[in-house]
Amino acid sequence: MISMSTRHILLGLLATGPSHGYDLKRRHDERFPQARPLAYGQVYTTLQRLVRDGLAEVDGTGSDGGPERTAYRTTDEGTEELARWAGEIAPPAPFVANEIFAKVVVAILSGGDPARYLSAQRAAHMERMRELTAVKAAKGADLATVLSADYALNHLDADLRWMNTTAARLTTLTAEVDAA
Amino acid sequence: MTSLKADLRLAFELTRGSDRGEWWRVTLTATGAALATGFALTAVALASLRGGHDVPVAAGLLDEPGTRAGVIVSLMLLLVPVLGFLGQCARIGAVHRDRRLAGLRLAGATAWQVRRIAALETGLACLLGSAVATVFSVPVLLRLWDRPTVLAWVGIALVAAGVPLLGAAAGALALRRVVASPLGWVRRLGPRTGRGPGVLFLAGVVLVGVVTLVAVLSTSPAAPDRPYAGPPLMMVGTVLAVGAGAVWLSGAAARVTGRILAARARSAAALIAAERLRDDPWAAARTHAAVLLVTVVGGGFTGVRAVLLDEVRTGKQLAESPDYYITGLDLTGVAIAVALAITLSGLAVGTAESLATRRRGLAAQVAAGVPRAVLGRALLLETALPLAPAVLLAGLGGTAVAAGYALLTGHPFPWAAALVPVAVYAACLLAAATSLPLLGRSVRPAELRYA
Amino acid sequence: MSRPVPLLSATGLTKAHGRSPALRGASVELHAGEILAVTGPSGSGKSTLLHCLAGIVRPDAGSVTYDGRRLEDLPEKRLSELRRTEFGVVFQFGQLIPELTVLDNAALPLLLAGTGRAEARARAGEWLERFGVRGQEDLRPGELSGGQAQRAAMARALVTGPRVVFADEPTGALDSLAGEQLMTALVHTARDAGTAVLLITHDAQVAAYADREVQLRDGAVAALGVTA
C-alpha cells in the first residue's frame, strides 16, 4: 500500500517547495512514523519516474560544500494529479489477503495444531500492540505519532478479535474443512 | 374497558415479576391503608351518631357529643402520622419503579397509560388494606350497634372506597415528571424529590383537617346559645399551622444543617451525611414533620395529663367518676403512643429504603476501604443532624404548652413534658439504627458486578 | 537471574458464587511498579479475581499474599485499612458518591485516613489536575461526562499514594477517545509514582497499555503473555 502511493506522497511533500531526495526521505519518515521507512534508492527512482511523466522537474543542482544534490519541484500537471489523488476515495479492501486464515486452513489440512498457531500469533499481535501503545503513550508524543499508531493498533485489534472468535470455533471449522 | 383490563393485567404482572423491595412496598402500603381506613371508619361511625347514646366501651366517653367530638379529632389526627408513613412507603423502590415506568413510556405507552398503570399499582395495594380493615371493622360495629343509620353506612362506604382512590390519585401524581420526560428520567442517576412530597403531605393534612371539622360540626349541631364552631375551627387551624410549620422547619433545618456542616465537616461520616442533606433536604421532611407533631402534642399532653390527674385525684367538683376522666386521658395517651409508633416505623422504612437504593455505591465505598462503621455513622447522622434542631424547637413548644397550662391552673412545672423530646429523639435514633444490620447485608461485592 | 519476590501474589484461588464457580485454581503474580492486564471472555472470573486480590472478598480456597502478609489471616478491619491506604480501586462506574462534590470525592480517602479537610482538599485538587479534571471540582459526579467521572475516580484511587491500583474495566463505559485519555493518564501517573496496576479488561487495545497480560478462561489462567 505504501509503495502504491509513494509517488503521490512525494508529490505531496514537494508541494511545500523544492526539495532534495534525502530531505524528502527524512521528512517522509518523520511525518509517517509508523510507516515502513523509505529506502533512499526508492525515493530516487520514484523522483525520476515523476520527472519522466512530467509531474515533477529538476529545480537545480547544488552541493553546499557536501556531496552534490539535485533539488526537484512539482509541475502544474503534478499539482493537478496530486489534487485528483487526494480527493479519490480508497477502495475499501477489495481483496482480503488473509495470511492468518490461510495458515489455519493449511494447519487443519496437514494435521497440524491450528489452536497453538493462533495462540502464538495472538501473543505476537499483542506484543506488537504493546510496542505501538508504548510509542503512542510516551510523554510528549505528537498527534501524528498517536494517530498513525492508532491506525495500526485498530487493524491489529481487528485481527485479534477475528483470531479470538476463530479460536472459539475451531472444532466446527475443522469438521467443515475435513469434510470438504 | 378493554384497555383498563390490559392495564390492570400489566400492573399485576409488573408487581408479580418485581423483586423483594416491591413486595415490601405493597405490604407496607396495604398496612398503612388499613390503618388509615380503620381510623377513618371509626371516626365516621362516631360522627354519624346524634345526641346522647349509651356506647358500651371507653367508660362512657363516647356517650356525650362533646367528648365524642374530642375522640373523633384524635382519630383524625392519627391519620397524620399514617400519611407520613404511607409517603415513606411510596419511596420504597421508587428509583426502580420510575425507571420501569419510563421504560414502558419508551416502549410506546402513552402518558395516560403509564399514569393509569402506576395509579393501579398503588391503588390496588391501598384497596387490599382498605378491604381488610373494612371486613374486620364492620362486624365489630354491628355487634356494638344493632341498627346503624343510613348515614353511617354511607360514610363507611365512602371511606372504604375513598382510601384506595386517594392512593391511586397520589400514585399518579407522584409520576408527573417521569411521564413528562421519559428519556430524561431514565438517564437520571437518582430522584431529586424536591418539595413535591412536602406539598402532598400538607394537602393530606388539609384534607384531614377539613373532614375533621365537618365531622365535629355535624356530630354536635351548634345551638344558638352555644356557638360550637369556634374551638374546632381554631384547633384545625392550629394543627394545620403546626403541620405546615413542621414540614417547613424539618426541610429547612436539614438544608441549613447540611450547608453549614458540609463546609466545616472534618470527618468523612459527617461530610457524607451533610452533603446528602444539602442535596435532598426534603427527602425526610414528611417523617420528620410527623415526628415534630408527635413531639409537640406529646410534650403538651404529658404536662396537661399530669395536671389533670392531680385534679382528678384530689377529687375537686367532679361531674363523673374519676374513671371517666382517667380513661379519657389514657386513651389520648394511647393515641399519641400509636402515632409515635407509626411515625417511627415510617422513619425506619425510610432509612432502610435509602440504604437499599444506594447499595451499589455503598458496596463501592466498602471496596475502596471505607470502613462500615463510617458508613453506619453517616447513616445515623443523616437522621440525627436535621432532627436535632427541629425536635429541640418542637420540644420547647410542647413544654411551653404544658408549662402554660400548669401555670394557669396553679400547678408545679411538669418536668415530664421536658423529657418527651429527649425520649422521642432517642427513639428516632433507635428506629434509624434498626436498618444498620441491613448495611452489612446490602453491601456485598456482588453489587459491584456489572454483567 | 532470580526473579524478585512479587508484591502481590495469588495461588490456587477458588471461589464460587452460589453454585456457579467463578474461579477454579487461578494463580497470578504482580510485581512492584508493574502494569498487568487480566483479559478473558465474559464470565471467565476476571472481576472475582480482582475482588480476591484486593481483599474485597475472601476466596473459598487458595491464598493471597501482599508484601509478605497473607490476606486470609487479616481480620476485615485490617483488610479495610489496607484497601484504603495501600490499594486504590476503580470500577467501571458508580464509585463516586453522588452527593459529594468532585473535589470532596477525591479527598475522601485522605479524610478517612485522618488528614485535615483543608489539606485533603488541596492534595485532591492536585491529583484532579494531574488527571485533567480542571474547573469541575465543585460539580457533582452526575454533572460530569463519563470520561471525566472516571478520571476523577482515578484521582481518588491514587490520592493516598497506594502501591497497587485495581482497575476493573475502567474504560468499559467510555468511547475510545475518552478511554485512551484515561489510560494514558493512568499509565503516566502509575509509572511516575511506581504504582503497580492490575487492569481488568476485555479490550485488547486497553490491555496493550500493560507490561504483561494474563488470560483467564473458565476461572483459571489460560496462558501467560510474552513478558515485555
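Two residues are in contact if their C-beta atoms, placed from the backbone, lie within 7 Å. The legends below describe views of a predicted model, which scores ipTM 0.81 and pTM 0.71.

**Figure 1. The contact between chain A and chain C.** On this contact, chain A contributes 12 residues and chain C contributes 12 residues. Two elements of chain A, α6 (114-137) and α7 (143-168), each give two or more residues to the side that touches chain C. The most comes from α6(A), with 8 residues. By class, the residues of chain A on this side are 6 nonpolar, 2 polar and 4 charged.

Figure 2. When its neighbours within four places in sequence are left aside, A:H125 is in contact with A:L156, A:D159 and A:L160. A:G78 stands 47 residues from A:H125 along the chain, and the C-alpha atoms of these two residues are separated by 39 Å.

**Figure 3. The buried side of helix α2 of chain A.** Helix α2 of chain A is formed by residues 21-31, and its buried residues are A:G21, A:L24 and A:K25. These residues cover an arc of only 100° around the axis, so they lie on the same side of α2(A). Among the elements of chain A that cover the buried residues of α2(A) are α1 (6-14), β1 (19-20) and α3 (40-52).

**Figure 4. The two domains of chain A.** Chain A is divided into domain 1, with residues 3-87, and domain 2, with residues 99-179. Taken over C-alpha atoms, the centres of domain 1 and domain 2 of chain A are separated by 35 Å. Their contact takes 4 residues from domain 1 of chain A and 5 residues from domain 2 of chain A. On the side of domain 1 of chain A that touches domain 2 of chain A, there are 2 nonpolar, 1 polar and 1 charged residues.

**Figure 5. The fold of chain A.** The secondary structure of chain A consists of 8 helices and 3 strands. Read from the N terminus on, the order of its elements is α-β-α-α-β-β-α-α-α-α-α. Along the principal axes, the C-alpha trace of chain A spans about 65 × 40 × 30 Å. The radius of gyration of chain A is 22 Å, whereas a compact globule of 180 residues would have a value near 16 Å. Of the 180 residues in chain A, 19% are buried. Among contacts in chain A between residues at least 6 apart in sequence, those that join residues at least 24 apart make up 52%.

**Figure 6. The contact between chain B and chain C.** Here 26 residues of chain B are in contact with 26 residues of chain C. The elements of chain B that give two or more residues to the side touching chain C are α11 (268-279) and α14 (359-367). The largest share of this side, 6 residues, is supplied by α11(B). The residues of chain B on the side that touches chain C comprise 16 nonpolar, 4 polar and 6 charged.

**Figure 7. The fold of chain C.** Chain C contains 7 helices and 10 strands. The radius of gyration of chain C is 17 Å, close to the 17 Å that the globule rule gives for 228 residues, so chain C is as compact as a globular protein of that length. The C-alpha trace of chain C spans about 45 × 45 × 40 Å along its principal axes. Among the 228 residues of chain C, 53% count as buried. Of the contacts in chain C with a separation of 6 or more, 71% are between residues 24 or more positions apart.

**Figure 8. Confidence along chain C and its residues 224-228.** Chain C has a mean pLDDT of 88, and 96% of its residues reach 70 or more. Over residues 224-228 of chain C, the pLDDT is below 50. Beyond near neighbours in sequence, this stretch of chain C has 12 contacts in the model.

Key: Residues are numbered from 1 along each chain as its sequence is written. Chains are lettered from A and ligands numbered from 1 in the order in which they are written. This is a predicted model: local features need pLDDT of at least 70, side-chain atom pairs count only at pLDDT 80 or more; totals for chains, interfaces and linings use all residues. A residue is buried if 20 or more other C-beta atoms lie within 10 Å of its own, exposed if 12 or fewer, and partly exposed in between; C-beta atoms are placed from the backbone. Helices (H or I, at least four residues) and strands (E, at least two) are DSSP runs, numbered from the N terminus. The arc is that of the directions from the helix axis to the C-beta atoms. Ala, Val, Leu, Ile, Met, Phe, Trp, Tyr, Cys and Pro count as nonpolar, Asp, Glu, Lys and Arg as charged, and the others, Gly among them, as polar. The radius of gyration is taken over C-alpha atoms; the globule rule is 2.2 Å times the number of residues to the power 0.38. Domain bounds come from an automatic or database domain assignment. pLDDT is the predictor's confidence in each residue, from 0 to 100.
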